[in-house]
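Notebook open, model loaded. I'm jotting down what I look up as I go.

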Amino acid sequence: MLLRYRTPYIVRPVILTVAPTGPLATKQDNPWLPTQPDEIAGQVAEAYAAGAAVAHLHLRDRDDRPTADLDIAARTLELIRERCPILVQLSTGVGLMVPFEERERLVELRPEMATLNPCSMSFGDGEFRNPPAGVRRLAARMRELRVKPELEIYDTGHLDACLRLRDEGLLAEPLQFSIVLGVRGGMAATAENLLTMVRRLPAGAAWQVIAIGRANLELTAIGLALGGNCRAGLEDTLHLRKGELAPGSAPLVARAAALARSLDLDIADVEGARRQLQLEG
Ligand code: KMH
Ligand code: ZN
C-alpha cells in the first residue's frame with residue numbers, strides 16, 4: 001500500500017474527523033443538519049463518542065446562513081469543550097458569500113486547527129475567493145498563533161501552491177492535507193485523481209480524503225487503504241446509503257470507524273491525534 005510502502009513498518013492510527021455542518025446544505029436537505037451552536041456541540045459530542053478525534057466546524061447565524069461571527073464561534077467552542085475534549089478545527093472556508101477578510105479572523109480564537117484554502121476557484125455555481133495575499137497573511141498568522149493549518153487541495157496546482165508557502169517558511173512541517181474530490185470546479189471524485197495526489201504529497205505529510213456526495217464511501221475506503229486519515233459527516237454527504245438520509249453525523253463517523261477497524265487499523269484518540277499532527281496550540 002502506498003503510504004506503508006513510503007514509510008515501512010509504521011502504520012499510524014487513523015485520525016477520524018467529523019464535519020457536521022458545512023457551508024451549503026440546509027435543514028430542508030436533511031432535517032438532522034445541525035446549524036445552531038447547541039445543535040452542533042451535541043452532534044460533535046456524539047461523534048466523539050463514535051470515534052472522532054477532530055471536529056471540523058462551519059457556523060451559521062440565527063437564520064442558518066454561513067457566518068464567521070466570532071461570538072457564535074466562541075460560544076460553539078465553549079459548548080463543545082463542556083461536552084468533550086475533541087480537537088477543534090475551525091473552517092476558514094466558512095461559506096462562499098462571506099468575505100475572506102471576515103473568514104480569516106476566526107483563527108484569532110486560537111482553535112487547535114483551522115483550514116487553509118490555498119487558491120481561488122469555481123465552486124459549483126459560485127466562486128470561492130482565496131486571494132494570494134490573503135492566503136499568505138492567514139498562513140503567517142496561523143503560524144504565529146500556532147494554529148495548525150489543514151490544507152484543502154481541490155486540484156493539482158493547489159498542492160504546488162501549498163509547497164510554495166512551505167518553501168517561503170509560512171507553513172511548518174509536517175504538512176496536513178485534505179484531498180478534496182467531487183466539488184464542481186475542482187478534481188472529480190475518482191480513484192485515479194486520488195492516487196495522483198497521494199503520489200505527489202511530500203514525505204511525512206498527513207492526509208485525508210474529503211469526498212463529496214455519492215462517491216464518499218468508496219473514496220473514504222480507498223483513502224484508508226492507502227494509509228490516509230478520514231473524515232465523515234453531513235458536510236460531505238447527507239446520506240448513509242442511497243435514498244436514506246443520515247440521522248446526524250455520528251452514524252457516518254461510526255461507519256467510518258467500522259471501515260477502518262475492518263481494514264485492521266486502529267483509531268487515534270485525541271492525544272494520539274495531537275501527537276501525530278504535532279499540534280502546538
Ligand atoms: N467543504 C469542503 C468541500 C473548508 O471548510 O475550509 C471543503 C472544506 C473546506 O471543508
Ligand atoms: Zn468545511
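Which residues of helix α8 are buried? I find N216, L219, T220, G223 and L224 buried in α8, residues 216-225. Buried is under 20% relative accessible area, with a 1.4 Å probe and protein chains only; helices are DSSP runs of H or I, at least four residues, and strands are runs of E, at least two, numbered from the N terminus. The buried residues of α8 fall within an arc of 140 degrees seen down the axis, so they line one face of the helix. The arc is taken from the directions from the helix axis to the C-beta atoms.

Ground rules for my notes: this is a predicted model, where local features need pLDDT of at least 70 and side-chain atom pairs count only at pLDDT 80 or more, while totals for chains, interfaces and linings use all residues. Residues are numbered from 1 along each chain as its sequence is written, chains are lettered from A and ligands numbered from 1 in the order written, and side-chain values use heavy atoms, leaving out hydrogens and water.

Next I checked what covers that face. The cover includes β10 (176-181), α7 (191-200), β11 (206-211), β12 (229-232) and α9 (250-262).

Then N229, which sits in strand β12. N229 counts as buried because its relative accessibility is 10%. A polar atom of the N229 side chain lies 2.8 Å from the backbone nitrogen of I15.

Last, ligand 1. I noted an oxygen atom of ligand 1 at 2.6 Å from a polar side-chain atom of S91, and one at 2.7 Å from a side-chain N or O atom of T115.

Terms used:
Buried means under 20% relative accessible area, exposed over 50%, partly exposed in between (1.4 Å probe, protein chains only). Contact means heavy atoms within 4.5 Å. A polar contact is a pair of N or O atoms within 3.5 Å; within protein, one must be able to donate a hydrogen and the other to accept it, and residues adjacent in sequence count only if both atoms are side-chain atoms.
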